Amino acid sequence: MKAAITATAKYLPPERFTNFDFVNLDTSDEWIRTRTGIVERRFLKDPTKATAYMCSEVARQILDKRGISAEEIDCIIVGTITPDMFFPSTACLVQDSIGAKNAWGFDLSAACSGFLYALVTGAQFIESGTHKKVLVLGGDKMSAITDMQDRNTAILFGDGAGGVLLEPAKEGYGLLDYRLYSDGTSGKDHLYMKAGGSLMPASHETVEKRLHYIYQDGRTVFKSAVVGMAEVAAEIMARNNLTPNDVVYLVPHQANLRIISATAARMGIGMEKVAVNIDRYGNTTAGTVPICLAELDEEGKLNDGDNIVIATYGAGYTWGGALVKWQKSF
Ligand code: UT7
């Protein structure tokens with residue numbers, strides 16, 4: 001028995017910031033659009049709200065759409081690198097917020113692959129037969145860890161969250177295949193947040209040196225991501241004997257439109273089959289894939305039996321791909 005996605009939802013904060021809001025950083029709308037594909041992004045400006053709030057909003061919508069109560073949820077998994085705090089987990093904060101008192105849960109850290117890792121992890125509990133309803137959420141308040149004075153990173157990220165409900169699938173449907181990868185050896189030095197963990201706890205010095213913000217060697221990460229994401233998407237197709245015609249949608253992580261286009265080209269599919277919202281939301285890290293899924297679903301674009309390929313690449317490095325056969329009725 002596989003795990004089917006039986007509901008989707010997304011939450012984007014209302015505050016929009018266009019590329020023109022960054023021109024004081026010696027950048028331009030033209031540079032940002034052509035190098036990344038980003039036009040605007042959302043930042044959650046309410047200082048009393050963070051990732052758990054966005055994920056709880058997603059969870060509430062999912063319960064509503066599926067017409068179930070919070071007590072029916074068995075497990076909550078949250079992919080995030082911007083938890084409200086190190087502990088308790090975002091999953092526990094979401095549990096409290098929605099009243100899922102029969103659930104257990106945990107956070108999962110895999111940066112831009114966080115949602116995909118969480119999706120695959122959640123599916124194992126369904127496949128084992130021990131769980132009937134698993135909430136898988138992915139969200140990040142990237143503005144909390146982005147140096148708004150650094151043009152290399154400030155323009156890239158946004159805040160947002162998305163999620164899905166996993167339930168036992170009908171025969172032949174659901175999460176049919178996946179490949180997950182990590183390569184700390186190649187990745188650990190090129191995309192990280194240096195301070196705030198147990199190695200370099202917060203101090204006056206770490207704050208002065210701006211070490212609580214994302215550092216990215218964009219060019220190096222780009223070179224790995226553009227190959228890694230394309231290859232894993234092609235691998236998923238090959239393992240499942242899918243031709244370009246068989247793929248209905250590619251749902252890729254939204255870090256850079258050029259990486260997304262290269263992945264589509266490697267798969268042999270046109271951009272009309274690719275979920276793209278980087279222009280509106282930027283890179284929401286663990287939020288990108290479930291937000292894309294929710295948009296396709298809300299727009300009524302997902303039909304019974306559609307083959308959806310998910311592909312991600314991010315800090316770690318962590319990357320992966322998955323094949324979901326969409327189940328429309330339950
Ligand atoms: O989601 C997790 C994984 N992350 C990714 O997949 C991101 C991968 N990397 C990228 O998407 C791209 O590398 C970036 C969008 C971050 C940068 O684009 P790029 O085409 O790789 O530019 P670059 O880093 O090679 O920089 C080219 C030039 C540099 O100037 P010099 O050294 O050639 O004089 C940068 O300083 O562009 C400069 N630059 C900018 N110029 C205007 C960097 N950021 C900006 C900016 N505005 N915002």
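**Backbone, sheets and ligand**

Modeller: Y317 lies in the loop between β12 and β13 (318-325); helices (H or I, at least four residues) and strands (E, at least two) are DSSP runs, numbered from the N terminus. The model is predicted, so local features need pLDDT of at least 70 and side-chain atom pairs count only at pLDDT 80 or more, while totals for chains, interfaces and linings use all residues. Residues are numbered from 1 along each chain as its sequence is written, and side-chain values use heavy atoms, without hydrogens or water.

Biologist: Which residue is joined to Y317 by a cis peptide bond?

Modeller: G316 is the partner, and omega of this bond is about -5°. A cis peptide bond also joins F87 and P88, with omega of about 0°. P88 is placed in the loop between β4 and α3 (90-98).

Biologist: Which residue has a positive phi although it is not a glycine?

Modeller: That residue is A111, with phi of about 50°. A111 belongs to the loop between β5 and α4 (114-127).

Biologist: How should I read the sheet that contains β5, and in what order do its strands stand?

Modeller: Two strands are taken to pair if DSSP finds at least two bridges between them. Here five strands form an open sheet in the order β1-β7-β6-β4-β5, with mixed pairing. β1 (3-11) and β5 (104-108) each have a single partner strand, so one side of each edge strand has no neighbour in the sheet. Neighbouring strands are turned by 15° against each other on average, direction ignored; axes are lines fitted to C-alpha atoms, for helices over the stretch in contact, and angles run from 0 to 180 degrees between N-to-C directions. Strand β4 (residues 75-79) and β5 run parallel and are joined by five bridges. In this region I77 stands opposite F106 in β5.

Biologist: What is the strand order in the open sheet of four strands?

Modeller: The order is β8-β13-β12-β11, and the pairing is mixed. The edges are β8 (174-182) and β11 (247-252); each has a single partner strand, so one side of each lacks a neighbour in the sheet. From one strand to the next the twist averages 15°. β11 and β12 run parallel, with five bridges between them, and Y249 stands opposite I308 in β12.

Biologist: Which polar side-chain atom lies 3.0 Å from an oxygen atom of the ligand?

Modeller: A polar contact is a pair of N or O atoms within 3.5 Å; within protein, one must be able to donate a hydrogen and the other to accept it, and residues adjacent in sequence count only if both atoms are side-chain atoms. The atom in question belongs to H253. A polar backbone atom of G218 is 3.0 Å from an oxygen atom of the ligand, and an N or O atom in the side chain of Q216 is 3.1 Å from a ligand nitrogen atom. Taken alone the ligand exposes 940 Å², of which the protein buries 76%; accessible areas come from the Shrake-Rupley method with a 1.4 Å probe, and for residues only the protein chains shown count as cover.
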